[in-house]
Structure formats: structure tokens, C-alpha cells
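Good morning, colleagues. Please look at the sequence and the structure on the screen while I go through a few local features.

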Amino acid sequence: MKRPPIIVIQLVHILGPLKGEIQEFIEPPISIGRHPGCHVRFPADLAPVSRKHAEITREGNQFKLIDHSANGTFVNGKQVKEVLLKGGDVLEFSRGGPKASFLTQMKEESCAPPAPPPSKEQPLTSKKEPVIAPPEAIRPEPEKRKAVKSEPELPSVEPPEEKIAIQIVKVPLIIQYGPTLRSYKQLPVTIGKNPKCDFQVEKPSILDRHAQIFFSQNQYWIKDLTGQRSVQINRQPIGLQSPLKPNDELAFTPQGPFFRFLGEGRLAEVAAPSAEEPPGPPAGEKEVSQRPTPEAKPSEGLFSKVKKLFES
């Protein structure tokens with residue numbers, strides 16, 4: 001046997017001092033206003049709303065809004081005195097006053113008493129026939145446990161080298177390469193053979209995207225994009241990336257080109273470094289006459305141009 005359906009009224013306040021609240025009512029009438037005895041009570045200083053502004057009554061399975069105010073009640077923007085409400089109607093208490101959405105929800109309640117829980121004293125089975133299996137039956141077989149333990153462990157893998165996030169940073173970079181002098185106002189700068197690279201180097205040993213210079217942690221960095229450990233600093237491969245320090249010798253491949261990092265974002269081409277120290281002069285001969293010609297270095301005038309360009 002079922003009772004008549006229970007209809008729950010919901011008022012969802014969407015504007016005004018009660019904005020965000022959801023009020024539910026089961027037994028109409030529902031009084032609305034500033035009076036302390038109203039079901040929906042607005043603040044006493046909210047003058048546009050009357051003390052007893054409106055009420056919602058029930059007629060069968062329908063609900064009627066009745067206006068008792070001085071400034072009017074509006075449903076979906078239209079002023080009304082009495083109107084049957086539908087789910088989703090927007091109620092406005094005085095023009096420009098508080099607003100609430102009218103919703104209904106039907107619930108059914110059964111009057112049949114709930115089934116009593118099973119008695120704890122009632123035995124589920126006979127004492128002579130226990131349901132619980134003996135401990136031996138639920139123990140895992142020794143062979144299965146041994147098979148689980150004998151699974152081979154995966155070999156440990158060394159963690160990859162930590163990567164530094166590359167971001168666009170407004171710092172200067174000046175590269176002198178042969179007669180070319182290029183300046184950049186922000187990093188990163190990509191170096192390679194591809195014309196789309198920021199700095200193009202036409203060498204057989206240079207790949208399309210070979211290296212990248214970026215700025216992070218208050219210092220300049222070089223990143224090897226080849227994946228072949230081609231980039232070297234002071235004749236040592238850098239792996240993935242490495243910071244640049246003043247006077248570091250930078251080689252994009254073992255065959256060149258070669259640069260010296262002068263600090264403050266200045267990179268100048270230098271001659272290939274010698275692999276060994278030159279042998280000393282034979283006994284009895286002047287040391288000056290046997291010394292090899294010193295390697296070519298960038299001209300002082302070019303370095304001064306680089307410095308002036310950086311300072312500007």
C-alpha cells in the first residue's frame with residue numbers, strides 16, 4: 001500500500017540576499033516576505049519587499065502563487081496577482097528585487113513496515129555440518145607460492161638526465177662566426193644547417209637542428225639536439241645540456257666549428273685547439289726560431305665591436 005505522492009517544492013535563489021541558497025518545502029502554504037514568521041524571510045531593511053509579500057498554496061498536484069505586496073510580484077518577467085506555477089518559473093519579488101527559481105520534485109513513500117533484520121540467534125546451518133572450510137583447504141599450495149616468489153625481477157634502469165624547462169627569456173646573445181656577426185635579444189636560439197634555424201651553419205658535420213642556446217637559472221646553457229653527444233665543452237661531450245662558463249671552449253662537433261664563450265652572452269669563433277703541446281727546440285738552437293706560428297685569434301677590433309654591440 002502506497003500513500004499519495006509527496007511533492008517537494010524547491011526555491012533556488014538566483015538573485016538577492018539569499019542568492020545561492022536552496023530552500024525545500026513539503027507542506028504549503030509557503031509565506032514569503034520580511035515578516036519574522038514567513039517561511040521565506042528576507043532582511044527587514046529590504047524595503048522593496050513587503051512584510052507579507054506573497055504565498056504559494058497547493059491545489060491538488062498544482063501550486064498557485066498569490067501576490068499580497070505593494071510593489072508587485074513577477075513570474076518570468078510578467079506581473080501577476082494569482083497564477084499557477086510550473087517547474088522552472090522565475091519568481092521576482094518587486095521589480096528588480098530578489099529572484100528565485102520554482103522547482104518541484106515528486107517522492108513516493110511506502111507505508112509498509114520495513115522487513116526486520118535476520119535474528120542473530122538463528123543458526124544458519126547445523127552444528128554437525130559447518131559451512132566454514134578447514135584451514136588446510138584455504139591455504140595456498142606451496143608450489144604456487146614458490147612460483148610467485150621466483151618471478152624474475154626487472155633490471156634497474158638509471159634515471160634519465162634531468163631536463164631543464166626551456167622558456168623564452170629576453171637576454172642578449174651575440175655570435176661572431178667568420179665575417180658574420182649576429183645579435184639576438186631573446187633566447188632560446190636554435191643552431192643548425194636548416195634555413196629555419198635562428199643561426200644557420202653550413203658545415204657537412206652540422207645537422208639540420210644541431211644545438212640550442214638558452215638561458216635558465218641566471219646563466220647561459222647549450223643543449224645538444226643531435227642525440228649523438230656531438231657538442232663538446234672543453235673537449236668533453238656534454239650529453240644533453242650543460243651551462244656555459246666564461247672562457248669555455250665550445251665545439252659543435254669534434255671537427256668544428258669551434259667557439260669561445262666570453263661571458264655575458266658573447267660567443268666568438270676560434271681556431272681549432274691543438275691536440276698536443278708542440279715539442280721543444282733541439283739543443284743549441286734558438287727557441288724563437290723553432291716555435292710554430294701562433295694560431296690565429298679573433299682580431300681585437302672584432303671583439304671590441306662585439307662588446308660595443310652587446311653594451312648597446
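Predicted model: local features only at pLDDT ≥ 70, side-chain atom pairs only at ≥ 80, totals over all residues.

Glu59 is partly exposed, with a relative accessible area of 39%. On this scale, buried means under 20% relative accessible area, exposed means over 50%, and partly exposed lies in between, computed with a 1.4 Å probe on protein chains only. Residues are numbered from 1 along each chain as its sequence is written, and side-chain values use heavy atoms, with hydrogens and water left out.

With which residue does the side chain of Glu59 meet in a salt bridge? The partner is Lys64, at 2.9 Å from N to O. By salt bridge I mean a side-chain nitrogen of Lys or Arg within 4 Å of a carboxyl oxygen of Asp or Glu. By this rule the model has six salt bridges.

Lys64 itself is buried, at a relative accessible area of 17%. Lys64 also forms a salt bridge with Glu82, where the closest N and O atoms are 3.6 Å apart. Lys64 lies in strand S6, residues 62-67, and Glu82 in strand S9, residues 82-84, so this pair ties together parts that are 18 residues apart in sequence. Strands here are DSSP runs of E with at least two residues, numbered from the N terminus. Glu82 is exposed, with a relative accessible area of 53%.

I turn now to the backbone. Most residues other than glycine have a negative phi, and most peptide bonds are trans. Against that background, Ser94 has a positive phi near 80°. Ser94 sits in the loop between strand S10 (90-93) and strand S11 (99-107), and it is buried at 2% relative accessibility. Glu264 likewise has a positive phi, of about 55°, although it is not a glycine; its place is in the loop between S22 and strand S23 (266-270).

Which residues are joined by cis peptide bonds? Another joins Gly256 and Pro257, with omega about 0°; Pro257 lies in the loop between strand S21 (248-251) and strand S22 (258-263).

Finally, the sheet. An open sheet of five strands runs in the order S15-S14-S16-S17-S20, with mixed pairing. Its edge strands are S15 (199-200) and S20 (241-243), each of which pairs on one side only. Two strands count as paired if DSSP finds at least two bridges between them. Strand S14, residues 189-192, pairs with S15 in the parallel sense over two bridges, and Gly192 has Gln200 in S15 as its bridge partner.

Terms used. Helix = DSSP H or I, 4+ residues; strand = E, 2+ residues; numbered from the N terminus.
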